[in-house]
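Here's a quick briefing to read alongside the model. Have the viewer open, and we'll go from one side chain out to the whole chain.

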Amino acid sequence: MPTETAIFVNDFDDYLKCLQKHQLERTQDVLIVALGEKKLVHYKGMDVQETYPVSYGKNPRSCQEGSEGTPWGLHEIADKIGDGAPTGMIFTGRVPAGECWHERPDAGPQQRNFVTTRILRLGGLEEGLNAGGTVDSYDRYIYIHGTNHPEVFPENISSGCLLMLDDALIQLFNSIEQGSHVWISPPK
């Protein structure tokens, strides 16, 4: 079994090959998401800043609109939403709804999934894979966001988004620039 370091080195190499293929420049901050490992690694330059646990879509991985599967490939952080919002804030249509999930009477395992705490909205950078037409990650509203079900995290329960626990998400949100690359490993 490969070590965790080897997995992320391979994913980072795949990211660099993708940049070369599309003739893109690397961003200072890069997020490498190894879905099979349920880990997100934040690189600044060549240095690992932090490794975070993540979960993803409950459906099979897919870049297709309507699939509710998590897409893969090269993305960028297109929008950062929710700076300064209270932990657990519910977002509806990317706008704070004015209430936190844990303050609602339906809080708990039966509560439906919400977009919470912060939103890092992803835009695909690979035309035909995760950008354009019916595979556009931005138009599919693919985010990195908080979860209102920490009791089952990191179980895969989203509709295609990447989920993080609140404290980790806020730390990442505060340390990453809009426009930074996000490499989501392809299915094996």
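Does Arg104 count as buried, partly exposed or exposed, and at what relative accessibility? Arg104 comes out at 22% relative accessibility, so it counts as partly exposed. That sits just above the cut-off, because buried means under 20%. Keep in mind that this is a predicted model, and that a search of the whole structure turns up 3 salt bridges. Arg104 takes part in a salt bridge with Glu99 and in another with Asp106.

- Arg104 and Glu99 make a salt bridge whose closest N and O atoms are 2.8 Å apart.
- Glu99 has a relative accessible area of 32%, so it goes down as partly exposed.
- Arg104 also meets Asp106 side chain to side chain, with an N to O distance of 2.9 Å.
- Asp106 is partly exposed too, at 24% relative accessibility.

- Strands β2 (residues 39–44) and β3 (residues 47–53) run antiparallel to each other and pair over 6 bridges.
- They form a hairpin with 2 residues between them, and Gly45 in that turn has a positive phi of about 65°.
- Lys44 has Asp47 as its bridge partner in β3.
- The side chain of Lys44 forms a salt bridge with Asp29, where the closest N and O atoms are 2.8 Å apart.
- Lys44 belongs to β2 and Asp29 to β1 (residues 29–34), so this pair ties together parts that are 15 residues apart in sequence.

**Around Ser55**
- Ser55 is in the loop between β3 and β4 (73–81).
- Its relative accessible area is 0%, so Ser55 counts as buried.
- Leaving out residues up to four places away in sequence, Ser55 touches Phe153, Pro154, Glu155, Asn156, Cys161, Leu162 and Leu163.
- One of those neighbours, Glu155, has its backbone oxygen 3.4 Å from a polar atom of the Ser55 side chain.

**Around Val152**
- Look for Val152 in the loop between β8 (143–146) and β9 (162–164).
- With a relative accessible area of 29%, Val152 is partly exposed.
- Val152 and Pro109 are 43 residues apart in sequence, and their C-alpha atoms are 8.5 Å apart in space.

**The whole chain**
- The chain has 2 helices and 10 strands, in the order α-β-β-β-β-β-β-β-β-β-α-β.
- A compact globule of 188 residues would have a radius of gyration near 16 Å, and the chain agrees at 16 Å.
- Along the principal axes, the C-alpha atoms fill a box of roughly 50 × 35 × 35 Å.
- Of the 188 residues, 51% count as buried.
- Among contacts with a separation of 6 or more, 64% are between residues 24 or more positions apart.
- The accessible surface comes to about 8900 Å², and carbon and sulfur atoms hold 50% of that.

Conventions. Residues numbered from 1 in each chain as written. Predicted model: local features only at pLDDT ≥ 70, side-chain atom pairs only at ≥ 80, totals over all residues. Heavy atoms only, no water. Pairing = 2+ DSSP bridges. Helix = DSSP H or I, 4+ residues; strand = E, 2+ residues; numbered from the N terminus. Salt bridge = Lys/Arg side-chain N within 4 Å of Asp/Glu carboxyl O. Buried < 20%, exposed > 50% of the residue type's maximum accessible area, 1.4 Å probe, protein only. Polar contact = N/O pair within 3.5 Å; in protein donor to acceptor, adjacent residues only side chain to side chain. Contact = heavy atoms within 4.5 Å. Rg over C-alpha atoms; globule rule 2.2 N^0.38 Å. Areas by Shrake-Rupley, 256 points an atom, 1.4 Å probe, with all protein chains shown as cover.
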